[in-house]
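Visitor: I have a model open and want to learn how to read its features. Where do we start?

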Amino acid sequence: GSAEMEMHVDAVEPGSRVLIVDDLLATGGTAAATVLLARKTGAEVVGCSFILELDGLGGRAKLPDVSCDALITVVA
């Protein structure tokens with residue numbers, strides 16, 4: 001599938017340190033797109049935090065250079 005992500009132009013200032021927080025890490029596509037979008041603004045992504053991670057879907061593999069944490073990890 002395909003999708004589009006948008007962010008307001010002044011949502012993050014260049015040089016900002018940001019933590020991306022999402023409810024679910026599954027395949028990693030949304031998180032990877034969010035990291036890319038934040039970096040395009042000149043922000044430094046310091047990490048990603050998730051409430052739930054579906055470990056069997058390999059989402060962390062799409063975020064190799066980002067520190068990731070999850071409150072709950074489900075091994076499937």
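Predicted model: local features only at pLDDT ≥ 70, side-chain atom pairs only at ≥ 80, totals over all residues.

Visitor: Which residues are closest to the centre of the largest pocket?

Guide: L19, I20, V21, T34 and A38 are the closest, out of 14 lining residues. Two elements give two or more residues each to this lining: β1 (17–25) and α1 (29–40).

Visitor: How do the lining residues divide into nonpolar, polar and charged?

Guide: The lining of the largest pocket has 11 nonpolar, 2 polar and 1 charged.

Visitor: Now the core. Which residues have the most contacts inside the largest nonpolar core?

Guide: V35, V45, C48, F50, L63 and V66 do, in a core of 14 residues. At least two residues of this core come from each of β1, α1 and β2. Take V35 as a case. Leaving out residues up to four places away in sequence, V35 touches I20, V45, C48, L63 and V66.

Visitor: And E53, is that residue buried or exposed?

Guide: Burial is read from relative accessibility, with under 20% as the cut-off. E53 counts as buried because its relative accessibility is 3%. E53 lies in strand β2 (residues 44–54).

Visitor: What does the side chain of E53 join in a polar contact?

Guide: The side chain of R60, at 2.9 Å. R60 is also one of the residues that E53 touches beyond four places in sequence.

Technical notes:
Residues numbered from 1 in each chain as written. Heavy atoms only, no water. 1 Å grid on protein atoms, 1.4 Å probe; cavity = no way out; pocket = protein on both sides within 12 Å on 5 of 7 lines; lining within 4 Å. Helix = DSSP H or I, 4+ residues; strand = E, 2+ residues; numbered from the N terminus. Nonpolar A, V, L, I, M, F, W, Y, C, P; charged D, E, K, R; others polar. Buried < 20%, exposed > 50% of the residue type's maximum accessible area, 1.4 Å probe, protein only. Polar contact = N/O pair within 3.5 Å; in protein donor to acceptor, adjacent residues only side chain to side chain. Contact = heavy atoms within 4.5 Å. Core = buried A, V, L, I, M, F, W, Y, C linked by side-chain atoms within 4.5 Å.
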